[in-house]
Amino acid sequence: MAEDKPARLATRPRPSHRSRSSASAFSRKLTYMQPGGPYDNGRLRLAANIVEMDLPVSFPTVFATFGRDSQVVTEEIAKHWPTLPAALPLVSAGDDKSLLITCKKPTATQAALFGPGQVGKWLHYPKSKESIPLKDEELAALEVGGVPPYMAMHWVHVIPLPILKKLLVLFDALVAAGVEFPEADFRRSGTAALHLGVWSLYARQPRITADSHQTMISNSTQRARVVAAIDALCMIVKVHIVPKLVELMDEYVPGQSRVQNRIHERVTRLLEEDFRQRPTMDFGPVFYTMAVKEGSSERIHVDWNDNIHKYALIFCAGDYTGGEFCVPQLNIRIPLRPGAVLAVRTRLLAHCATLVGQGRRLVFTCFTDSTLLEQTLRGHEYALV
Ligand SMILES: [Fe+2]
């Protein structure tokens, strides 16, 4: 029988794709990509599933200061938008549609604050009320194509539910291992979030966050167990979710990738040894820090450490009611269901989430802090103190 084998193999026809020339593969690709072809049709179907809403002309600009004053945010919101967050109209483009909030026709006041060429007013450095104009090359890196085209983007059915279930299991394992949470930030919420990954806050160079190292745990065995549990959680995000986020951002805000790649080049150079030991801390160019918490950030706030130009990417795991994302300035409440992803400019829009009613809600907020971006952009290192 063994002698028959080579003969059978010799007569077996070769797989058809090997016999085709690369020229024919190229022509198939052309057919696929041509107007009216499958690729084009797919894009049209996607576009048909998008609902756009424009920024209201009344959109205010009261937070365009370096004040970092949470009290101002609370007072201004209460004065101009007294509706309780939970009572804001729930905006939903439908279960299978994406929602894009645009700013196609800004008023003169809006354009003067966040229109083309205005991002310098929102940078942290130097810590001054004076705006320092960006150099041409800095502006080119940050403002490819003008300004970010959307205030917020909400996509549904992005993350498969089994992946979200896995995150919930791994979060529980992390808590069971004895993870230490930092103090809650009272301006955002009564509950604390873990900040995992890399940031540059209050430092001259990017570094892996203290929460990721769990240096507050004195018992080395327990610390090692917790760090391993953090790595397991981050690995799932990195392998199964980050590629989807990259795809979405490349599709919807392609102008962002140039500066994000520059940040990544700098971070991987400076943290080469750290990433060799903890590869899960490198989420790639689309974001650098991931805040993880159970519950919601129920107090209206502006994320002062983010950048006006950048999007925070938010997704949730669990089975819960409530936890909608509220933007009083836009008079909307966005449902944030498991599987959906919300990209939102959290330095520009004051926001909060409604309380979770029933069930458990694990929320992941992925962002790039403004100091990290500005250090890269300005080409020198400084600390915001
Ligand atoms: Fe926030």
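Okay, one definition before anything else: I'm calling a residue buried if 20 or more other C-beta atoms lie within 10 Å of its own. Keep that in mind for strand 6, where both faces are covered. On one side you have Thr289, Ala291 and Lys293, on the other Met290, Val292 and Glu294, and all of them are buried. For anyone wondering about the two sides, side chains in a regular strand alternate between the two faces of the sheet. Six of the six residues in strand 6 count as buried, so the rest of the structure largely encloses this strand.

Now, a word on confidence. This is a predicted model, and the average pLDDT for the protein is 84, with 81% of the residues scoring at least 70.

Let's go back to strand 6 and look at who pairs with it. Strand 6, residues 289–294, runs antiparallel to strand 12, residues 356–367, and six bridges join the two. Threonine 289 sits opposite phenylalanine 367, and methionine 290 faces cysteine 366. Strand 4 also pairs with strand 6, again antiparallel, over four bridges; there, histidine 195 is across from alanine 291 of strand 6.

Next, strand 3. Here too the strand is mostly covered, with six of its six residues buried. Strand 2, residues 98–102, pairs with strand 3 in the antiparallel sense over four bridges, and leucine 99 stands opposite histidine 154. Strand 3 is also joined to strand 10 by four bridges, running antiparallel, with alanine 152 partnered by valine 344 in strand 10.

So what packs on this sheet?

How many residues are in the largest nonpolar core? It has 87, and those with the most contacts inside it are Leu233, Leu313, Ile314, Val341 and Leu342. Helix 10 contributes the largest share of this core, ten residues. Take valine 341 as a case: leaving out residues up to four places away in sequence, valine 341 touches Trp155, Val158, Ile159, Leu245, Leu248, Leu313 and Phe315.

Last item, a helix pair. The axes of helix 11, residues 257–270, and helix 13, residues 370–378, come within 9 Å and cross at roughly 90°. Angles from 65 to 115 degrees count as roughly perpendicular, and that is therefore the label for helix 11 and helix 13. At the contact, Val259, Arg262, Ile263 and Arg266 from helix 11 meet Leu372, Leu373, Thr376 and Leu377 from helix 13.

That's my tour, thanks.

Methods: Residues numbered from 1 in each chain as written. Predicted model: local features only at pLDDT ≥ 70, side-chain atom pairs only at ≥ 80, totals over all residues. Pairing = 2+ DSSP bridges. Core = buried A, V, L, I, M, F, W, Y, C linked by C-beta atoms within 7 Å. Buried ≥ 20, exposed ≤ 12 C-beta atoms within 10 Å, placed from the backbone. Contact = placed C-beta atoms within 7 Å. pLDDT = per-residue confidence, 0-100. Axes fitted to C-alpha atoms, helices over the stretch in contact; angles between N-to-C directions. Parallel < 35°, antiparallel > 145°, perpendicular 65-115°, else oblique.
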